[in-house]
Amino acid sequence: MTRVPRGYIARRRRTKMRSSASNFRGAHLRLNRMITQQVKRAFVSSHRDRGRQKRDFRRLWITRINAATRIYKVFDSYSKLIHNLYKKKLILNRKMLAQVAVSNPNNLYTISNKIKIIN
């Protein structure tokens, strides 16, 4: 039988997968079946961890705000600060509040003076 040259579509698909696996080690870099499995797994992990990263950063910001409010005696706790912020309709996101709490606590005082509610 004569040799039939195959098409290029499968090769192109494999090289695309291989470029995604360029930083893997061992068989995960060399064997096509292993490459496809590992690249799929890596994409699943990256998709999952994007949501987890948002969650982790929000936890970090809340922890920083809570620590700053307790150290600098702005409020008794984080929850009271956020509650009073919402009552006064002064809505600042937690990322900005955490940045203010870390970099410049004096501005945290001015924010707290704006929202102090006397019962």
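**Aromatic pairing and surface features of the predicted model**

K16 lies in helix α1, which spans residues 9-20. The structure described here is a predicted model. With a relative accessibility of 60%, K16 is classed as exposed, because the threshold for that class is over 50%. The C-alpha atoms of K16 and P105 are separated by 50 Å in space, and the two residues stand 89 positions apart in sequence.

Together with I71 and Y72, Y109 forms a nonpolar patch on the surface.

The model contains 1 aromatic pair. This pair consists of F57 and W61, whose ring centres are 6.0 Å apart and whose planes meet at 35 degrees, so the arrangement is tilted. The angle falls into the tilted class because stacked planes would be under 30 degrees apart and edge-to-face planes over 60. Both F57 and W61 belong to helix α3 (residues 32-71), where a spacing of 4 residues places them about one turn of the helix apart.

F57 is partly exposed, at a relative accessible area of 38%. W61, at 21% relative accessibility, is likewise partly exposed, since the buried class requires a value under 20%.

Notes:
Residues numbered from 1 in each chain as written. Predicted model: local features only at pLDDT ≥ 70, side-chain atom pairs only at ≥ 80, totals over all residues. Heavy atoms only, no water. Patch = residues over 30% accessible without salt bridge, like charges linked within 9 Å, V, L, I, M, F, W, Y side chains within 5 Å. Areas by Shrake-Rupley, 256 points an atom, 1.4 Å probe, with all protein chains shown as cover. Salt bridge = Lys/Arg side-chain N within 4 Å of Asp/Glu carboxyl O. Helix = DSSP H or I, 4+ residues; strand = E, 2+ residues; numbered from the N terminus. Buried < 20%, exposed > 50% of the residue type's maximum accessible area, 1.4 Å probe, protein only. Phe/Tyr/Trp six-rings, centres within 6.5 Å; stacked < 30°, edge-to-face > 60°.
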